[in-house]
Amino acid sequence: MNRIYKDFLFDKHILIGKHKVEDEEIKFATFFSLLRLYGIRITKGEEYLSQEMILYTAEMLGKNVSMPFYKGFPKTVRSLSRRKLLFDQLFAYARTYGVGHFMGKEVHSVFEDEFKTKSMNEATEIRDFIIISEEEANEMLCETAREFLLSTRPLSTSNYEVVKNVILDLDPKITEIASKNTAVKLLRDTRDMRFADHLYLSDVIRFLDELTHYEYDKAPMNKLNLKNQDRKFITALIDRLFFLDKCDIRTCFEKKKIWNGLLHHIHFKPKTEKEREFVNAIRSDKNLSVNSEFEKLMEEGNIGGAVDCLKKNKGASALLRNMNYILSRCNSPKEVEYVFENMETKNPIVLMQLLIQYSNFKDKRGARSFKFTKYNELLVHDETKLEVQKRRSYITKEQADILVYKMRENLRAIYKCKLGKVYIDKEMENYALPIQDTTTQSGFGVLTRGSRIAIGETKKLRAFTYWEKVNDIDLSVFGLDENGYQTEFSWRNMYKKQSEAITYSGDQVRGFNGGSEYFDIDLEKFRAEYPTIKYLLFCDNVYSGIHFNDCFCRAGYMLRDIEDSGKVYEPKTVDSAFKIDCESTFAYLFGLDLNKNEFIWLNMARQSESRIAGDNTMAFLIDYFNVTEVLNMKNFFEMLATEVVEDVRDADVIVTNKKISDKEIAEDAQIIREYDVEKMLALMN
């Protein structure tokens, strides 16, 4: 079976069995080994237990991770003086970067004392897995692909790869592709014109953008140099969309200049009267786009006309996305009221995104950070002083509160009674909805961005990263105070900041054949030592300069006892281990809320060539820290439920992460867990 399927299902606590095993000793040994080594208990499908599952699980959870710079971390590193810590670092750099010895074995401290590793005796949480046959897995994957395709949101790279491979390998019956982004990617990767049926003429430019980025080395679209086969394919795509009468010509005018260049480059010759009219219109001096009409009405001060223009031609969601701009230009309470009267939409995703944005509204006029997603990576733009001075789109806190109220009411109306009786575990209020997870990396224990996990008083958080095929990847931590001021904890300054509160394993600079780095955070001691720091942010960057997708790198965290036992890396204590596989040198991992003693999931690939983490501002990440206070899984399923029930036996849908026996629930009841992203995406849309 395709490895991508095995990894995807492993993240859902599912293993795949090739065939039933008759040997009882092998089954028992495998069952016991998974439980003892990894804390994994098989609750269903024991007849498929085989020894290869031990090796596969070891690979997924990192059984053989290379040693960090300080092999006795965290104990031995704390006994070294600041001078010795600095000398260790400089000596390692001299051997690696000074002499040029890059690709040898990992380097360790020259001062570190001998130490003995204790036996592992920390209490760990048991993780329940099931095993299913390949036939069952194929059925599940086909249903999963269909659910993903119901989402109007762009898929993360890993989820898209699952969908694409399922379509190519298993050919599931596809009736709907709600996201144009997904349809364009499938069209680009398969060149199957079936996927064009889910697009409109304006999406040809979206296809061209994807094509030039991924297959023409990010060539700008104003300097096209397409292969002849691609010119023919785009011509056929345009002809097909005209044949299907999917010609949103006014939207095409928003990219008029690019269309003009494309039609010239592919030597497009109209074959029908409709095509001829389109080509002539694009080549004329007129701009018939909705945006042009909207802007003209706004310049004239015709707020009502501008609102009507957007709503009629682009829908209320376009009105919502321009809300600040429109409200800030209103000259009377009557105009403001007209805007509010027309904001109701049937697009729940836009409502959710803006609900979170306006719930975090602060009535201030300082520089803002704008976040965008492009090619499944995060882009951040911080306003310049000049942009702040020229900005006119201000709204009041009162207006923002009205928007929040109306959006919540709109969402309740959209989702009302979509499901039957629903049981919702209270802990689901800690998990966010998958609204903006396109930049997310995949792996075991990955949560939706903004989700929170409580850290016990007797536990510390151990963040880790390990890698191969690259010499130097850096794990860093940044503290943020309530004003966004950053305090750096990294290879550059940890020689003078090591303590019981925060301990660093040392900078591993010769890790081509295997390197690793760690941070230990004792939350109670950290708060005492750094009382002004409110949040901690963890990130990875490739100091060697290559992109993450050109090497192998995993990151994650363990919750360890304050006085930990066992090895530095214990798979049994791993709560998450995910592969960083983005076309960038920089990724945000997760955060800590020091006031609430909670772990916060971030997991974002940032479009960057930065080799040093401290070069980027991170204050904008605080926007993700209170997502669950605004909207979470519990809120969402409360809106969907016809009735929220207290007993799982009465429920048609059960929303929980806890183990539920088939005997405890109705025969046809559906269980939804926080990692069932495809199910939530299908319900959200």
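**Note on the predicted model**

1. Lys460 stands opposite Arg560 in β15. The two strands concerned, β9 (residues 459-468) and β15 (residues 552-561), run antiparallel and are joined by 10 bridges. Helices (H or I, at least four residues) and strands (E, at least two) are DSSP runs, numbered from the N terminus; two strands pair if DSSP finds at least two bridges between them.

2. On the basis of the model: it is predicted, so that local features need pLDDT of at least 70 and side-chain atom pairs count only at pLDDT 80 or more, while totals for chains, interfaces and linings use all residues. Residues are numbered from 1 along each chain as its sequence is written, and side-chain values use heavy atoms, with hydrogens and water left out.

3. An open sheet of 6 strands has the order β7-β16-β15-β9-β13-β12, with antiparallel pairing. Its edges are β7 (443-444) and β12 (502-504); each has a single partner strand, so one side of each is left without a neighbour in the sheet.

4. Another open sheet has 3 strands in the order β1-β3-β2, and here the pairing is parallel. The edge positions belong to β1 (14-17) and β2 (40-44), each with a single partner strand, so one side of each lacks a neighbour in the sheet. On average, neighbouring strands of this sheet are turned by 40° against each other, direction ignored. Axes are lines fitted to C-alpha atoms, for helices over the stretch in contact, and angles run from 0 to 180 degrees between N-to-C directions. β2 and β3 (residues 127-133) pair in the parallel sense over 4 bridges, and Lys44 stands opposite Ile130 in β3.

5. Helix α2 (residues 24-38) touches β1, β2 and β3, and its direction makes about 140° with that of β2. Helix α6 (residues 134-149) touches β1 and β3, and its direction makes about 100° with that of β3. Contact means heavy atoms within 4.5 Å.

6. The buried residues of α6 include Ala137, Leu141, Cys142 and Phe148. Among the elements covering the buried residues of α6 are α1 (3-10), α7 (157-170) and α25 (677-684). Buried means under 20% relative accessible area, exposed over 50%, and partly exposed in between (1.4 Å probe, protein chains only).

7. Ile654 is found in strand β20 (residues 653-655) and counts as buried at 0% relative accessibility. Leaving aside neighbours within four places in sequence, Ile654 is in contact with residues including Tyr423, Val648 and Ile665.

8. The count of salt bridges comes to 48, a salt bridge being a side-chain nitrogen of Lys or Arg within 4 Å of a carboxyl oxygen of Asp or Glu. One of them joins the side chains of Lys314 and Glu254 (2.7 Å, N to O). Lys314 lies in helix α15 (residues 303-314) and Glu254 in the loop between α11 (249-252) and α12 (256-265), so the pair ties together parts that are 60 residues apart in sequence.

9. Glu638 forms a salt bridge with Lys634, the closest N and O atoms being 2.8 Å apart. Both residues lie in helix α24 (residues 633-640), 4 residues apart, about one turn of the helix. Salt bridges that share partners join Glu122, Lys460, Arg462, Asp520, Arg560 and Asp564 into one network.

10. The structure holds 0 disulfides, a disulfide being a pair of cysteine sulfur atoms within 2.5 Å. For Cys247, the nearest cysteine sulfur is that of Cys252, 7.9 Å away.
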